[in-house]
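Here are some exercises to work through with the model open beside you. Try each task before reading its solution.

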Amino acid sequence: MSGWMDSILQGLLLGAIYGLFATGLSLVFGVMRLVNVAHGDLIVLSAFLALWIEKALGLPSPFLTLIVLLPLMFLVGYVLQRTILNKALGEDILRPVLITFGLSVIVQNGLLEAFSANPQKLIGGRLETASVHLPGGLMAGAFPLLTLAVSVAVIGLMQWTLYRTALGRALRATSDDRQTAAMMGVKTPHVFALATGIALATVALAGVFTGVRASFDAFSGPDWLIFAFEAVIIGGLGSLWGTLAGGITLGIAQTVGARFSPAWQLLSGHLAFLVILVLLPRGFFPRRVD
Amino acid sequence: MKLLTVSNLNATYGDFQALYGVCLEAAEGEAIAVIGANGAGKSTLLNTIAGSVASKGDAIRFAGEPIGGLHPWQIVARGIALVPEGRRLFASLTVEENLLMGAYSRSRDAHSLDEIYKIFPQLRSRARQSSLSLSGGEQQMVAIGRALISKPRLLMCDELSLGLAPKIVGEIYETLALIRERGVTLIVVEQNVRQAMAFADRVYCLQEGRVSLEGISTQLHPDQVSRAYFGIRQNQSQGDLPDLDSGSPGVRSDFNSEASGPTNSGFAGEGRA
Amino acid sequence: MKVVQSSRQSRVAGVAFLLLVLVLLTAPMWASRGHISLLIEFFYFLALAEIWNLLAGFAGIVSLGQQAFLGLGGYALFFVTMHWQWNPVLSLIFAAVAGGVIAIPVTLVVFRLHGAYLAIGTWVVAEVFKLVFSDINSLGAGSGISLPSSVAHAVNFGSFSRNTVLYCIALAVALLSILCAYALLRSQVGLELSAIRDDEKAARSAGVNSFRIKLLVFIAAGAATAMTGALIYLSKLRISPGSAFDINWTSYIIFIVVIGGLGTLEGPMVGAIVYFVLRQYLSDLGSWYLIVLGAVAVAVMLKMPSGIWGTLAKRYSLSLFPTQRRLVFSEEDLLPGQQTVDAALTR
């Protein structure tokens, strides 16, 4: 029995990082109906950048790279939205998908050129191996717990921003009715760029945490995009907490599947996603009527 | 100097031209009505002034400055506010948040929420409710409040009476009269011709994108207005003109009689979102 | 009055196209082996692109998972030739049927999503296929499997070499995909598709069952892609899940369609030519090749959203495979006092 509980716990902790992957995706989709197919690749980019910054500045811990990486990725997101993605927005759903898909290919192959095909990993040091005793005789890694805490904090912060600040109000208004928001004084190109900037800041966090958790390479992006996307769909479009719940559900499906056979981990996650999609097409906590 | 001058405005949506050489003026403190049938271009005119539809450089001047090429957010910062057709409240925001959005561009200069609640007291108790849960009349109040909170010099209202019961329409126009007394210039687009002409100083009639009639509302004859509305030229058939109005225009206080506007819209009952 | 679909220009182009096909048919007689192989590749990429274009440009379904059917077709070929000893050429038919049949449950799942989420959903399906096929030991599991030489040789037809037979099949598949798409678009279904593309709500209120049509187009695309996949792996002779279900198939297809012109039948042809020319010159660059391809596609989508052909066609009113319908009035339609008006009722 404790074996099952352990799997579920590990799944919950794994799911926290999927939730973190998905937060940026959810925010951008919520505000401007844009799904960035390059999202996963940008997480990989962050992980590689963290590696590079750590080496270049001689930092003792990859988490310290966030001091540089967070504002850097925010800026990347802002510029990306302002220069390219704003032009992709519109009634047509084809263009944004195709443009961001093109970006995905550029990022992946760019990373390949810059860093070669070798898998890399960020070293978290003692934090990676420390563990915590939990009630019920369960053990949880300190690092996964930290990841969970960070995911919850990030989503909490984002919810606070959306519901308690003028900027958040503007973001929600813009997502409801872009044209009317503009007439209220919202500079939509700027606000969209802020949203993408914030999203990429979460991507920076996700990149560092997943880089510490497991190895990655230039082509890890699509897998992570798919996990993020599955988390968003399971959780329900338009709900950030739902996205976390979706990520956790996915994580648990994967770890429980892995109990039967390690090769089944990914497949059980996908199958759980497909089943939930068929039974509950709008996810657990649907909020918007799109 | 007029507050707003529109000279020879052409507006197109892609291949379709919606406005042909429209000229319009509003002096500070005036109330202007723009009437016309569906598709005549009334909303396009307001949207163009507000900046949602682009126009060329000099065609629109506000307080002496051309505003044609500006973005909507720049135009609202200059003091023009629009109450859009259909209200277009922000569905995921509460009543209060909708009102606050109106002040987004002018956070320092704007009215406070309190002042808006003084004008629309019914909204005070509904502040935290979702905007969708309100009746049609209340939604219209929120929409007007949202435009008003930015302390505009020019307030434009697109089809206020659409979907609302006559009594509510009357109340809303009474409130507009109060707003007008505070010195706000008003442009009101209406399909309800009686209401529009009763309220406004001057009237413009649009027909298929062109100004077909312009004049002081008290001096216009219903037949004239009918013809302009439908695009019937003066010399054409005299008989069988639809009845725009059972009484004469210019009776400003007669808010509660049945409006017999030609398209007779807006009487499906209140609450139509 | 009548509805007219062709014009003098298109009829001339039709004849020219026919001549081109005839020339291509004779290619095995005068072209080198290397060129024939290149043409085989060209034809199957063209076929894949036309199919994807039908889905995305006409039915409005962006699929990032057509590789699921491509790989499925390839594996269907390997299965049926190795385990049931079917003739490889007949196996292509089997692959098409398999693709169409499997597409049905896929639509049940994937059509619950919309827009960009549908796109990623199709990608998930492809990943699932990849994982499932990595587990099938009789088909080589993760490391893949090669086609036995007996099967490879079975493709020979009399005195024609394997390469020649493959070439003819590839040409046929490319032609079929173009002509079937053309026939579809000129039919009632095509009219409904145009209506959906312009305004889905309006189309539905006019009685168009948009859901059913999209379903049919997706299933047909699945079948066609699977058949093309079988052809591809018949020529490659070796299959593995990593290669068969590789997202890069979709990357290349998207580039071809986008650069050539989404939503036109001629676009993919232009795009395929551009793609192959670029490949000739850039393949030495390794991953830079893909970076350039990606950058070009993004630039084209931003600056020339109709693609090369689309932009040219709009400028010069070109149309080789006209899918528009024009309403042409004649004298009989006039009421007294009226004059003829050449009304253009475009899609």
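**Exercise 1. Find how many residues of chain B are in contact with chain A, and describe the side of chain B that touches chain A.**

Step 1. Count a pair as in contact if the C-beta atoms, placed from the backbone, lie within 7 Å. On that basis 20 residues of chain B meet 15 residues of chain A.

Step 2. Before going further, keep in mind that this is a predicted model, in which local features need pLDDT of at least 70 and side-chain atom pairs count only at pLDDT 80 or more, while totals for chains, interfaces and linings use all residues. Residues are numbered from 1 along each chain as its sequence is written, and chains are lettered from A and ligands numbered from 1 in the order in which they are written.

Step 3. Look for the elements involved, taking helices (H or I, at least four residues) and strands (E, at least two) as DSSP runs numbered from the N terminus. In chain B, α2 (72-77) and α3 (95-102) each supply at least two residues of the side that touches chain A.

Step 4. Sort by class: Ala, Val, Leu, Ile, Met, Phe, Trp, Tyr, Cys and Pro are nonpolar, Asp, Glu, Lys and Arg are charged, and the others, Gly among them, are polar. This side of chain B has 13 nonpolar, five polar and two charged residues.

**Exercise 2. Work out which chains share the most contacts, and which helix supplies the largest share of the side of chain A that touches chain C.**

Step 1. Two pairs of chains are in contact, and chains A and C share the most contacts. Chains B and C do not touch, with 14 Å between their nearest C-alpha atoms.

Step 2. The A–C contact takes 32 residues from chain A and 31 residues from chain C. On the chain A side, α3 (66-88), α4 (94-115), α10 (221-235) and α12 (265-279) each supply at least two residues.

Step 3. The largest share, 15 residues, comes from α4(A). By class, this side of chain A has 25 nonpolar, four polar and three charged residues.

**Exercise 3. Describe how helix α1 of chain A packs on α10(A).**

Step 1. Helix α1(A) (residues 2-32) packs on α10(A) at about 75 degrees, with the axes 8 Å apart. Axes are lines fitted to C-alpha atoms, for helices over the stretch in contact, and angles run from 0 to 180 degrees between N-to-C directions.

Step 2. Angles under 35 degrees are roughly parallel, over 145 roughly antiparallel, 65 to 115 roughly perpendicular and the rest oblique. The angle therefore makes α1(A) roughly perpendicular to α10(A).

Step 3. Among the residues that meet are Tyr18(A), Phe21(A) and Leu25(A) in α1(A), and Trp224(A), Phe227(A) and Val232(A) in α10(A). The contact has ten nonpolar, two polar and no charged residues.

**Exercise 4. Now classify the packing of α3(C) against α4(C).**

Step 1. The axes of α3(C) (residues 66-83) and α4(C) (residues 88-110) come within 8 Å and cross at roughly 135 degrees. That makes α3(C) oblique to α4(C).

Step 2. Residues of the contact include Phe69(C), Leu72(C) and Ala76(C) of α3(C), with Phe94(C), Ala98(C) and Ile102(C) of α4(C). By class, the contact has ten nonpolar, four polar and no charged residues.

**Exercise 5. Check what confidence the predictor gives the complex.**

Solution. The predictor assigns the complex an ipTM of 0.87 and a pTM of 0.85.
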